[in-house]
Amino acid sequence: MDGLMQELVARYNYWIYVILMMIGFYAMIGKRNLVKKLLGMNIFQTAIILFFVSIGVKNQGSIPILSKKQALEGVADVAQVINPLPHVLMLTAIVVGVSVTGVALAVLQRIYKEYGTLEEDEILEKISKR
Amino acid sequence: MKRLQEHFEVHDPNLNLIIQTSIRILVPFVQLFGLYVIVHGHYSPGGGFQGGVILGASFILMGVGYDLKKSMELFPEAWNIAMANLGTTIFVGTGLVCAAAGGLFLDYGALSNWIGIEPAAWRSLGIFAVEAGVGFTVTSVMLSLFWDLSSRGELDGGL
Amino acid sequence: MNKRSPLKILALCSTLITGALLLYGTKDFPAWGDPNSPASAHLSPHIIENAAKTTNAPNLVTAVLGDYRGYDTMFETVVIFCAGIAVTAILRRPRS
């Protein structure tokens with residue numbers, strides 16, 4: 001048990017992502033307000049983006065933009081350049097997240113116009129009364 | 001001082017003179033930086049998505065400082081829709097041109113069958129065309145999201 | 001609505017269980033900045049060595065985004081475009 005704890009504490013960066021993810025997850029399933037749910041989804045997404053980008057890090061690695069010499073002669077040292085693939089994937093994820101947030105906000109505005117509230121149980125009450 | 005007072009009598013006092021003037025000075029530089037980020041995406045951090053968001057933010061800044069009408073004078077609604085379409089069409093069209101030149105879809109190197117410069121140079125140009133298309137789409141979609149969300153779809157007044 | 005509804009306690013429990021499982025899972029994950037981690041062992045050396053030469057773009061992220069994963073980026077653009085259309089369709093009303 002002691003060794004396990006030491007291993008876990010040594011990788012404390014993963015704790016940050018897991019705690020962020022838990023905050024987002026709880027906000028998504030536990031809160032009753034739709035805007036809070038949306039915020040929770042964004043926090044969840046941020047946790048995953050941080051996790052992916054941190055996977056590409058290498059010790060003593062520079063950014064994935066090669067210098068002129070490295071690019072022309074093709075002599076890039078793999079250990080000196082961090083992994084570009086997670087960055088590409090997360091660029092995609094950020095953009096899709098912006099789109100999802102935009103559409104969700106539009107739907108929330110329509111719901112507010114229709115029912116006058118964003119609380120989930122009040123909306124359900126109003127639906128059942130119709 | 002008198003001119004300032006007249007300005008506030010004529011215009012809506014909620015619109016602040018200092019904010020408007022500084023935004024008017026700032027916007028060209030923001031747009032220039034956005035274009036730089038799109039065009040220089042091969043050699044520095046940047047690319048179509050980031051530059052497109054910066055370009056869209058410059059128009060959003062006009063919409064925040066003045067009102068939506070001003071923002072829509074600068075970038076009309078019809079142009080907005082046309083530009084979103086144009087960007088996507090540029091992207092897909094680049095892929096189709098590559099396919100027509102005898103390669104795979106979006107295989108820019110195949111264009112050297114038509115014009116004989118080396119495939120690496122064609123790939124560089126192809127990436128640039130694609131990034132420009134992405135930049136157009138992102139600019140106009142960001143602006144249209146702001147218009148719709150800030151005015152509840154009525155496109156008047158705004159914040 | 002009472003503060004301590006059972007659903008919220010259920011949500012808290014499931015969140016804690018998920019977090020605990022994920023934290024247990026990090027036991028097998030690579031350490032911070034490990035150059036030989038599985039994520040940077042298979043495809044990424046090939047890309048770092050060849051992408052700049054084959055695409056004339058020293059920014060590897062741009063090279064992968066525009067060329068190697070061009071199909072992905074195309075549909076991503078389509079996703080943004082669809083999001084713009086959807087927001088317009090949901091919210092925009094003709095002006096009287």
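Me: How do you know that chain B and chain C are in contact?
Reply: Contact means heavy atoms within 4.5 Å, and by that rule 35 residues of chain B are in contact with 28 residues of chain C. This is a predicted model, in which local features need pLDDT of at least 70 and side-chain atom pairs count only at pLDDT 80 or more, while totals for chains, interfaces and linings use all residues. Residues are numbered from 1 along each chain as its sequence is written, chains are lettered from A and ligands numbered from 1 in the order in which they are written, and side-chain values use heavy atoms, with hydrogens and water left out.

Me: What makes an area count as buried between chain B and chain C, and how much is there?
Reply: Buried area is the accessible area (1.4 Å probe) that two parts lose on being put together, summed over both. For chain B and chain C this comes to about 2,700 Å², with 66% of it on carbon and sulfur atoms.

Me: Why is the meeting of Asp67(C) and Arg123(B) called a salt bridge?
Reply: The term requires a side-chain nitrogen of Lys or Arg within 4 Å of a carboxyl oxygen of Asp or Glu. In general, side chains of opposite charge can pair when their charged atoms come close. The count between chain B and chain C is 3 salt bridges.

Me: What makes a pair of residues a polar contact, and how many such pairs join chain B and chain C?
Reply: A polar contact is a pair of N or O atoms within 3.5 Å; within protein, one must be able to donate a hydrogen and the other to accept it, and residues adjacent in sequence count only if both atoms are side-chain atoms. Between chain B and chain C, 9 residue pairs are in polar contact, both residues being at pLDDT 80 or more. On the side of chain B that touches chain C, helix 5 (77-100) and helix 6 (119-151) of chain B each supply at least two residues, and the largest share, 15 residues, comes from helix 6 of chain B. Helices (H or I, at least four residues) and strands (E, at least two) are DSSP runs, numbered from the N terminus.

Me: What lies between chain C and chain A by these rules?
Reply: Here 50 residues of chain C are in contact with 49 residues of chain A, and the two chains bury about 4,600 Å² between them, 74% of it on carbon and sulfur atoms. In chain C, Leu23(C), Trp32(C) and Ile48(C) lose the most area to chain A, together 14% of what that side buries. The count between chain C and chain A is 0 salt bridges, although 6 residue pairs are in polar contact, both at pLDDT 80 or more. Helix 1 (6-25), helix 2 (44-55), helix 3 (60-68) and helix 4 (70-91) of chain C each give two or more residues to the side that touches chain A, and helix 1 of chain C gives the most, with 11 residues.

Me: What makes a space a cavity or a pocket?
Reply: On a 1 Å grid over the protein atoms alone, a cavity is a set of points where a 1.4 Å probe fits but cannot get out, whereas a pocket is an open set with protein on both sides within 12 Å along at least five of seven lines; lining residues have an atom within 4 Å of a point. Grid points are joined across faces, edges and corners, and a volume is the space filled by probe spheres set on the points. The whole structure has 1 cavity of 30 Å³ or more, and the largest cavity holds about 60 Å³ of space. Its lining residues include Asn13(A), Tyr14(A), Trp32(C) and Asp34(C). The largest pocket holds about 290 Å³, and of the 18 residues lining it, the closest to its centre are His87(A), Pro45(B), Gly46(B), Gln50(B) and Val61(C).
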